2 protein chains.
Amino acid sequence: MKVKLGVRNCLYPMPTVLVGALVNGKPNYVTIAHVGIMEPQAVSLGMNKEHFSNVGIKENKTFSVNIPSTRMVAETDYCGLTTGRNEDKAKLFTTFYGPLKTAPMIEECAINMECELVKTVDFPRHDVFMGRIVESYCEENVLTEGVVDVGKVQPILFVYNDRSYWKIGERIGQAWNIGKKLAK
Amino acid sequence: MKVKLGVRNCLYPMPTVLVGALVNGKPNYVTIAHVGIMEPQAVSLGMNKEHFSNVGIKENKTFSVNIPSTRMVAETDYCGLTTGRNEDKAKLFTTFYGPLKTAPMIEECAINMECELVKTVDFPRHDVFMGRIVESYCEENVLTEGVVDVGKVQPILFVYNDRSYWKIGERIGQAWNIGKKLAK
């Protein structure tokens with residue numbers, strides 16, 4: 001039986017990322033799971049306007065998206081509990097930079113995407129930053145035959161419903177293929 | 001060792017959804033995994049402009065987001081292989097409507113979100129539709145103590161890297177909590 005939940009976002013799980021930004025000349029990292037994909041090479045971040053990082057993203061027009069693994073769940077959660085206003089969160093990680101120079105990235109994350117801000121959409125309490133990926137980096141050991149293998153990345157999946165983190169499970173099939181059997 | 005991947009979107013897995021739209025007065029469903037969360041009550045769909053559903057979303061300014069379970073993976077994939085221009089995909093499902101009247105929803109999906117279009121962002125080959133949730137529905141049997149339990153929903157996770165679908169795995173901890181141990 002269907003029940004009504006009211007206005008309740010149930011679009012979960014989402015991948016938990018550490019967003020990197022340069023704020024007042026220093027790298028800062030904040031945990032965000034309200035992310036999105038706009039088109040294949042553009043990603044979005046739905047970031048509460050109170051975040052310290054928003055200032056740096058607006059100033060530099062760059063940011064990074066770093067994907068931590070489940071091994072880093074405590075550090076990842078911690079970066080969502082504290083603000084860069086009071087604490088140097090970058091000291092938890094090794095920072096590196098790519099050609100954009102102002103998008104700090106986390107060496108310890110298996111995946112890093114260096115992004116250029118292309119659009120900002122203003123929501124009442126959130127800045128939605130949309131970035132075009134200019135370069136992606138990964139740890140060689142998460143590749144399988146040259147392709148990023150999420151089973152090796154072991155991303156942290158976020159569910160707001162009960163404020164929890166989850167692992168990815170098993171691979172169940174091939175997209176644009178498994179439904180072919182339904183064609184007449 | 002880090003390797004460069006070029007411009008490669010690695011923001012996966014993302015939840016696979018069936019987007020419902022009324023096109024020329026008939027319900028249509030299309031599979032989309034390039035979704036996003038803008039703010040807690042607003043979701044986005046990154047939809048290639050060639051999709052038949054885009055016409056209906058623009059006309060009615062409504063759409064639905066339906067979350068299929070892994071049991072429905074063949075039907076879900078099928079809705080991404082075929083176009084509503086040539087085929088009545090709604091016949092695969094039981095359709096219901098809520099107060100918006102023009103956002104068809106799928107009875108067989110454990111979760112449905114009825115949305116009102118609030119913004120459209122124009123990307124070169126994609127319409128990014130942003131919707132405000134006006135009502136959410138769920139199957140009673142996916143609730144645990146009144147909260148949507150993704151372990152019971154069993155969403156289909158999509159990974160573009162190797163064009164695959166995945167299950168959700170185990171719950172690993174509590175958000176805004178598991179990192180507290182790192183506080184000094």
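Predicted model: local features only at pLDDT ≥ 70, side-chain atom pairs only at ≥ 80, totals over all residues.
Residues are numbered from 1 along each chain as its sequence is written, chains are lettered from A and ligands numbered from 1 in the order in which they are written, and side-chain values use heavy atoms, with hydrogens and water left out.

Nonpolar side chains in soluble globular proteins tend to be buried together. A nonpolar core is here a set of buried Ala, Val, Leu, Ile, Met, Phe, Trp, Tyr and Cys residues joined through side-chain atoms within 4.5 Å. Buried means under 20% relative accessible area, exposed means over 50%, and partly exposed lies in between (1.4 Å probe, protein chains only). The largest nonpolar core has 92 residues. Within this core, Phe63(A) and Phe63(B) touch the most other members. A second, separate core holds 12 residues, including Phe123(A), Met130(A), Ala42(B) and Met130(B).

Helices (H or I, at least four residues) and strands (E, at least two) are DSSP runs, numbered from the N terminus. Helix H1 of chain B spans residues 53-60. Its buried residues include Ser53(B), Asn54(B), Gly56(B) and Ile57(B). These residues cover an arc of only 165° around the axis, so they lie on the same side of H1(B). The arc is that of the directions from the helix axis to the C-beta atoms. In an α-helix there are 3.6 residues a turn, so residues three or four places apart point the same way. The cover over the buried residues of H1(B) includes strands E3 (17-23), E4 (26-32), E6 (42-48), E7 (62-67), E10 (111-122) and E11 (126-139) of chain B. Contact means heavy atoms within 4.5 Å. Lys61(B) follows H1(B) and has a positive phi, near 60°.

Helix H2 of chain A spans residues 73-81. Buried here are Val73(A), Ala74(A), Thr76(A), Asp77(A), Tyr78(A) and Cys79(A). What covers the buried residues of H2(A) includes E3, E4 and E15 of chain A, together with E15 of chain B.

Side chains of opposite charge can pair when their charged atoms come close. A salt bridge is a side-chain nitrogen of Lys or Arg within 4 Å of a carboxyl oxygen of Asp or Glu. By this rule there are 10 salt bridges over all chains. One of them pairs Lys49(A) with Asp122(A), with the closest N and O atoms 2.5 Å apart. This pair links distant parts of the chain, 73 residues apart. Lys49(A) sits in the loop between strand E6 (42-48) and helix H1 (53-60) of chain A, and Asp122(A) in strand E10 (residues 111-122). Lys49(A) is partly exposed, at a relative accessible area of 32%.

Asp127(A) and Lys58(A) also meet in a salt bridge (3.1 Å, N to O). Here 69 residues separate the partners, and the pair again links distant parts of the chain. Asp127(A) belongs to strand E11 (residues 126-139) of chain A, and Lys58(A) to helix H1 of chain A. Asp127(A) is buried, at 3% relative accessibility. Lys58(A) is partly exposed, at 41%.

A further salt bridge is formed by Asp162(A) and Arg171(B) (3.4 Å, N to O). Asp162(A) lies in the loop between strands E14 (157-159) and E15 (164-174) of chain A and Arg171(B) in strand E15 of chain B, so the pair joins two chains. Both are partly exposed: Asp162(A) has a relative accessible area of 24%, and Arg171(B) has 38%.

One joins Tyr12(A) and Pro13(A), with omega about 5°. Pro13(A) lies in the loop between strands E1 (2-6) and E2 (14-15) of chain A. Another joins Tyr12(B) and Pro13(B), with omega about 5°. Asn24(A), a residue other than glycine, has a positive phi near 50°. Asn24(A) is placed in the loop between strands E3 (17-23) and E4 (26-32) of chain A. At 60% relative accessibility, Asn24(A) is exposed.

Trp176(B) also has a positive phi, near 55°. This residue follows strand E15 (164-174) of chain B and is partly exposed, at 40%. Leu81(A), Tyr160(A) and Trp176(B) form a nonpolar surface patch with about 270 Å² of accessible area together. Patches are made of residues with over 30% relative accessible area and no salt bridge; like charges are joined within 9 Å, and nonpolar side chains (Val, Leu, Ile, Met, Phe, Trp, Tyr) within 5 Å. Accessible areas come from the Shrake-Rupley method with a 1.4 Å probe; for residues, only the protein chains shown count as cover.
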